[in-house]
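Good morning, colleagues. Please have the sequence and the structure open before you while I speak.

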Amino acid sequence: MPRTLASHDVPALAAGAALLGAGGGGATTVLELMLRGTPHPPRPLHAVGELDPATPCLAVAVMGSTMLFTERLPALDPFAEPVAALERWLGTPVPAVCWAEVGGMNGLTPLALPPRRRLVDADLMGRALPDLDQFSLLVDDVPGVVFACTTGAGGVVLLDGSRPADVEQILRTATTTAGGWAGIVVGGFTVGDLARHAIVGSVSRALDAGRGFLAARHGDPRELARAIGGELVGEARVLGAAPLADDPRVTTVDLVAPDGPVYRLVTRTEHLALSRDGRTVVAAPTVIVVVDAVTREIVPVEGVRRGRSVLLYAVPAPAWWREPRRYARASPSAYGLAGLDVPVPATVPAGPAGPAGPAEPAADRPEAP
Amino acid sequence: MSTTLSLAGLLAAPRTGGVRLVAGREAEWRDVVVETAEADLPDHADGALAVLTSPAPPTPWQTDALLRRVRDRGFTGLALPEPAREVSADLAQRLGLVVLAAGRPTQLARACWELLAQRDALTLSLVRRVAQTIEYHAEDLRDLLRDLAANLGHAVALVDRDEVLLEVGHPLPPRLHAAVDFSGWAHTVRTDDGAAASVRVDSPTRGGLRLVLHDRVLTDAQLAALTTVAEVAMPMVAARILIDEVVALSDVSRSSGLLGDFLEQRGVPDPEVARRMRERGWRTIGYHVGFRMVARHRAEPVDLAQYVSRRLGAIPVDSHVTTRGRGVTGWLSYTEAPSAATLADHIARLRRLHTDAQSQYSIATGVGTLREGGPGLSATLGEAADAARLATTRASTGWFLHIDRLGLEQLLLAWTGNDTFAPAARSLLEPLSPTDLRTLSAYLDHESQVAATATALGVHRNTVTTRMQRIQEELGVDLTDPDARLAVHLACRTVVPPSDA
């Protein structure tokens, strides 16, 4: 019996997407507004095992500048052209759709597609990540994966069998041509591929974490940690944030806790690592969530500013990422940042994981203050 | 004496290669470890300072981790090469780690080693610097102390019990000065204001002097080394004091002789004297105001001349001073006649100099009038000498007398106004009525001519004759006697103001 996803679930899914966005991935606001305008009856959210493994599947995402997305608003079906091109290329209709990136605004994009495809409870990242070659299908080098992407004014680029790095580079260029952001569609894989080469159950996990967050949001910070399936690392006040001299895309944030510890948060497009007293305690792919201590808003990377008091949470990365080769593709060193990686967590946690399956704890358990 | 190195001591020490405090406040280190990188440091250090010669890692979080690892090894201090920009002061504070940035880490390491491990090396290096000071040609004692202070990197002062005679570097704090022991040979002292090592200066001409080497912060090792340095440097200082005195004495005696020759020639020097005067920068052309200071009690003219010479620099005009007899003679020279206001200002400054000198020397000062040319210089110096002679008896004017525009008569008159003569004059002339007094005064002023006196007073000449006979009887003096006549004349001037006469 599949779970269902109804219009009233959108706020919880949006909150869960923001949590798994790790400070990046873009705001869900525009998509929430789009979905509010077109109410749907409740739709089944199929677990991977519930569908025929041979069912062709696609994944959709908006890529590019998340800020431009709020300025140059999307059409009601931004994926119509690339999906049509993809189906034409594959020569067969694709009846199922999964999430490409469950974190950030892409946590809602599959719902913006016309509702005739079956929703599959899986995604290709398990959180928000910045680069296309971090899609699980590319990390695992799954053959036959096809990409289609709008290039603006009705144009579409279709990429078949490219190397992951080329996919990233060419689609990034297409996005620029399209005007800053573009709808991309991934195809050429089946629901059966998702079982091994994607993060299964991640939509349910986002939904549950989002519900938990909305319910416990204004309560005790530790309760909130339990509700979102993570751990409270600490509470601290932001002393300042400065871009890194060698790489201005990277920002380091100094924080100090009222009870003494000194934190440093390193962010890029997402929160990448958190150290306490000179020791890295959490690092990607573990999801670092920054919550305003007063308003209890989820704080994006650009919102971590001097004077703000924040709660710092670590939400375990999906177990899929724990395999060392995959882990290396999402760790801080994947972005050229040395000295921030934490070892692959070795144990499967016994604590409250998301209902979507096993997950990992924070890389290094917080010390008692 | 403990063998620790404090943060404050290290920051204050010279030749540390430009060390800057980045984070932390206080620390005491028992050991210093110098390595290229953090990985080479020992695993267990107890309260030591780590000096790393390779730069800090490029990112702030790697620097954070470096601080953490250094602290975990037990170090409480870390010195990194400049620029140590990415160090989080908050983290350093949290970890209890003092972080320093070193311009030249190897030099810092050497300084730490000297301060902590090798006192003899520190002493030796400082003594070698004293030797460099000896090698350098010093103009005078001040120059010598300046060079010593620069070479040592600490302040130097020459003091007696009451005052600081000479100092170079930052001033000797009064409380530190008060804490210096003057009884022994070598002595070290610490107060809140700083620390000092001092040594008695054995000078044959000046007793009770001490050479003090001091600074705001000194470690025990530095203080011990500076004591040795003071002992080594002391004979050099004592010798220099003696040399300066001999040089000053011979210079003063030469200039004093020259002034004597000039005055003997009454302001018109022969070519030889004129040449010697030119060599000294003594000009005769232009305008001059002479002054003379004589000791009311015993005083060494050479000391006084030196004192006055130093202080004359404050008067913005060409000035000279030398010894003459038991006092000093000097003058101010102007190329053009100064305005009355300028002259008055300079005389007032001379008077201040005179007043200030009273605390050390009991002197009387006379100042002459503004005169022009060589003869004028000779004349104004003569006036100054006369005025100074008078000033010795003038307690009421503070032993200072300026002749100004007074003539010689007034000078003489001024002399008669002194405390001894005035009462005697009054008692001598007491029997006379005011009319008789005026008559006597006019009679003496007019060279005892009856007709002229009568004209001056507007009376008949017989009246004058009658009055004069009566007056001579009442006074009991014979006005034909030159001495008696002079005494009575002076007495009249004392008792009757000249305008009344």
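Residues are numbered from 1 along each chain as its sequence is written, while chains are lettered from A and ligands numbered from 1 in the order in which they are written.

The model scores are ipTM 0.82 and pTM 0.62. Where pLDDT is low, the predicted coordinates should not be read in detail.

Chain B contains 18 helices and 17 strands. Helices (H or I, at least four residues) and strands (E, at least two) are DSSP runs, numbered from the N terminus. Of the 501 residues in chain B, 38% are buried. A residue is buried if 20 or more other C-beta atoms, placed from the backbone, lie within 10 Å of its own, exposed if 12 or fewer, and partly exposed in between.

B:L5 counts as buried because it has 28 C-beta neighbours inside 10 Å. Beyond its neighbours within four places in sequence, B:L5 is in contact with residues including B:W29, B:C112 and B:T219; contact means that the C-beta atoms, placed from the backbone, lie within 7 Å.

How does helix α8 (residues 220-264) of chain B pack against helix α9 (residues 271-280) of chain B, and at what angle? The angle is about 135°, with the axes 10 Å apart. Axes are lines fitted to C-alpha atoms, for helices over the stretch in contact, and angles run from 0 to 180 degrees between N-to-C directions. The two helices are therefore oblique to each other; angles under 35 degrees count as roughly parallel, over 145 as roughly antiparallel, 65 to 115 as roughly perpendicular and the rest as oblique. In this contact, B:S255, B:L258, B:D261 and B:F262 of α8(B) meet B:V273, B:R276, B:M277 and B:R280 of α9(B). By class, there are four nonpolar, one polar and three charged residues. Here Ala, Val, Leu, Ile, Met, Phe, Trp, Tyr, Cys and Pro count as nonpolar, Asp, Glu, Lys and Arg as charged, and the others, Gly among them, as polar.

α8(B) also packs against helix α10 (residues 301-312) of chain B, at about 90° and with axes 10 Å apart. That makes α8(B) roughly perpendicular to α10(B). B:A248, B:L249 and B:V252 in α8(B) meet B:V302, B:A305 and B:Q306 in α10(B), a contact of five nonpolar, one polar and no charged residues.

Turning to the interface, 14 residues of chain B are in contact with 18 residues of chain A. On the chain B side, α2(B) gives the largest share, seven residues.

Finally, the backbone. In the loop between α8 and α9 of chain B lies B:R266, whose phi is positive, about 55°, although it is not a glycine. B:R266 is exposed, with 12 other C-beta atoms within 10 Å. A cis peptide bond joins B:E82 and B:P83, with omega about -10°, and B:P83 is in the loop between β6 (75-81) and α3 of chain B.

Terms used:
This is a predicted model: local features need pLDDT of at least 70, side-chain atom pairs count only at pLDDT 80 or more; totals for chains, interfaces and linings use all residues. Two residues are in contact if their C-beta atoms, placed from the backbone, lie within 7 Å.
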